[in-house]
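Thanks, everyone, for making the time this morning.

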Amino acid sequence: MFGWKGKLLRIDLSTHLIRTEALPPRLMKEYIGGRGMCARILFDEIDPRIDALSPDNKLIFAPGPLTGTGAPAASRYIVSAKSPLSNCVSSPCCGGYLAANLKYSGYDLVIFEGRSPEPVYASICDDRVELRPARHLWGKTSHDTEEAIRAEMKSGDGLDNWALNAMGIANIGPAGENLVRFASIMADGGRAAGRSGLGAVMGSKNLKAIVSLGKGHVNIADVEGFRKAVMAFYQEGRDNGELRKRRRYGTWSLPGRANASKSQATYNFKEGYSEAFAKYEDPEVIRDLIRVRDEACFACPFSCGKRSRIKDTDYPLTAKGPEHETMALLGSNCGLEYMEDICRANYICNELGMDTITAGAMISLAMELFEEGHLPEREIGYPLPFGSTNMLRLLNEIALRQGIGDLMAEGGVAFASRYGHPELFMGVKGMGIPAWHPQAFDALGLQYATSNTGGSHTKSTMPFYEGRKDPARFVEFTKKDQDYISAADSGVLCWIIYHGPLWGEKLAEWLTYVTGVEHTVQGMDIVGERIWNLERLFNLRAGLTGKDDCLPPRITREPRVKNRVVQLDRLLDEYYASRGWDSSGVPTREKLQELGLEEEGAYVL
Amino acid sequence: MRIKIDYKACTGCKQCEIICSLAHTNTVNPWRSRIRVYVGEEFCLPVIAGPYTEAACNSKGITMVDGVEVDACVVCRASCPVKSVYKEPDTGIPLKCDFCGEPPNPQCVQWCAPNALTLVEDT
């Protein structure tokens, strides 16, 4: 078989029963892999109304047909489950080396079911799949967990340094163990499948980590054609100014861009321009300040990852990032002035295993509640105005569920409601919205509101490219982008590279070379739309409605940036129409028929 | 001719491993590659497979790279009995870099986007 390995691995944590199954051909044809297959399996196998932290939820790790083939930037895997934060289907993705190792081990999907009676970690090394005790790892930070597992594999399995180095590891920190609803899954020294709290799902299953070392191979159908196409792509990437910038600065070039367009989240989205960040508008400044080296994911020629370090003996290790989203949410949005403090916050979140974006949204929410006098100091134990580095302490308390952190770990809606001001939580469907202020670009507001997983920046592309700011067309572009990313996430291609500069036919092209099955751009659009609609059906079955496609009142009512508000109601009508959904946001029978989803639609129509 | 390695430019993407195995075996499997990349925190080390040695050495000196201690087995180019790299995973047959034939046209150099690998004349 070309591209795919044709096998899925099913691990029942309750009984410790491990079995492999053949991958249904229909899944490959209609859903490609990654996010598409995850959406299908979750829809088929779990009742969307379940409690996300119950053993009934399933956690899926999914590389795609392009993973491990050397298709540029096909390094990522999707982690999917019902989210404990937004109650939606969620599918964060993550780079690093784990995806390729799962693929080389021979699996297109790894599904975890049930709940282990004791903490365990899963070791997936080719045919040898084991659940190993992890009681001694419980409570360890992300970095320490990786170290401990490597040491164990060295002494127990007799692996040498090369093998230990080639492994991929994903794990949860104390936040995931403590079921913090925005805990992330950390991987390979600081990468994260961050949004939507799947770290808590992993914690609820008593699954501390998953480690994989694969020594098998992946076949490519048209090797010659593939090699030529990759070389041509390299040339294209080399000449592209946007990608040159990505390679040198990663996302560090974005604070300048965001400040210039008045879209940098600042003081809990009260402003779109951060004065403190004026000194970081030149990315060269950040690079000089904290960079250790450029760090690529597996098979990615663009190396947008940056490893960083600050001069502080309390934080001796290097960390990945901070990325722009982290700098904005934990930085300017909380009023922090210095990159060093942002790095400390990033480091804490990484080590404890928390999503930096939602964590930032929680802290800035607490800061605003404090400043407005809704949250008394005695409840926190220390003052917490905007800009206070006491937030570092609070981050620890959230992850460990100490003091007020216990309530904050339940998410923004619960926390803000407890103090009487749910409108101050800047989130969509319970998930904090990311760095870009939606009042700067209406398109962003629409993207956040309609994302299937909650306020997310990774389910549609940023509206910078090819006239996507054009008000007459961005609703149409939003729909197209969402479909495109759904398909790219099924490849699994990194959309950071494949949006904007290299927009277009690459996904279909790589898939055709690798799998030997003809894929077209139009075909990919349909796959993407099918995935998007299936995810929507999952959410509707879970009890969400069109009313949940909303934005915080601060965005729709208070003109904070550029003296304007997002006119969401009007945009939503247009959006639903362009999707072929009815006015309450439910896919119509005709649309579902067109996508081959009429049976699935029966649950909600 | 030889392949010059600028390890500080290496990003750890391992495209060299991928193309090496693809060029030599027509499938993708880094374990069948004649070049491997060791990914460290401070830097990455691309190491190209050299000649096969029959015995494991027992005199491992301390190897320092940029002030960081590195396992001597990692910077050693030999394919040897105690190392997991540079041998066919199924058969154990040792592997060695052949510069992708004559005249030398190493594919790893071509696929190295950050230019950590370059083909140079012997000096």
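Which are the buried residues of H1(B)? They are B:Gln15, B:Cys16, B:Glu17, B:Ile18, B:Ile19, B:Cys20, B:Ser21, B:Leu22 and B:Ala23, where buried means that 20 or more other C-beta atoms lie within 10 Å of the residue's own, exposed means 12 or fewer, and partly exposed is in between, with C-beta atoms placed from the backbone. Before I go further, please keep in mind that this is a predicted model, in which local features need pLDDT of at least 70 and side-chain atom pairs count only at pLDDT 80 or more, while totals for chains, interfaces and linings use all residues. Residues are numbered from 1 along each chain as its sequence is written, and chains are lettered from A and ligands numbered from 1 in the order in which they are written.

Why do I call helix H1 of chain B largely enclosed by the rest of the structure? Because 9 of the 11 residues of this helix, which covers residues 15-25, are buried. Helices here are DSSP runs of H or I with at least four residues, and strands are runs of E with at least two, numbered from the N terminus. Within chain B, the buried residues of H1(B) pack against strands E2 (27-28), E3 (35-39), E4 (44-48) and E7 (117-120) and helix H3 (107-111), and they also pack against helix H8 (223-239) of chain A. Contact, in this talk, means that the C-beta atoms of two residues, placed from the backbone, lie within 7 Å. After the helix comes B:Asn26, which has a positive phi, near 65°.

Now to chain B as a whole. It has 3 helices and 7 strands, and along the sequence these follow the pattern β-α-β-β-β-β-β-α-α-β. The radius of gyration of chain B is 14 Å, close to the 14 Å that the globule rule gives for 123 residues, so the chain is as compact as a globular protein of that length; the radius is taken over C-alpha atoms, and the rule is 2.2 Å times the number of residues to the power 0.38. The C-alpha trace of chain B spans about 35 × 35 × 30 Å along its principal axes, and 39% of the 123 residues are buried. If we take the contacts in chain B between residues at least 6 apart in sequence, 60% of them join residues at least 24 apart.

Let me turn to the partner chain. Chain A gives 30 residues to the contact and chain B gives 29 residues. On the side of chain A that touches chain B, at least two residues each come from helix H5 (161-166), strand E14 (218-219), H8 and strand E15 (291-295). E14(A) and E2(B) run antiparallel and are joined by 2 bridges, two strands being paired if DSSP finds at least two bridges between them. The bridge partner of A:Asn219 in E2(B) is B:Thr27.

Finally, a strand within chain A. From strand E3 (residues 59-62) of chain A, A:Leu59 and A:Phe61 point one way and A:Ile60 and A:Ala62 the other way, and all are buried. E3(A) runs antiparallel to strand E7 (residues 109-113) of chain A, with 3 bridges joining them, and A:Leu59 stands opposite A:Phe112 there. Another 3 bridges join E3(A) to strand E4 (residues 77-82) of chain A, again antiparallel, with A:Ile60 opposite A:Ser80.
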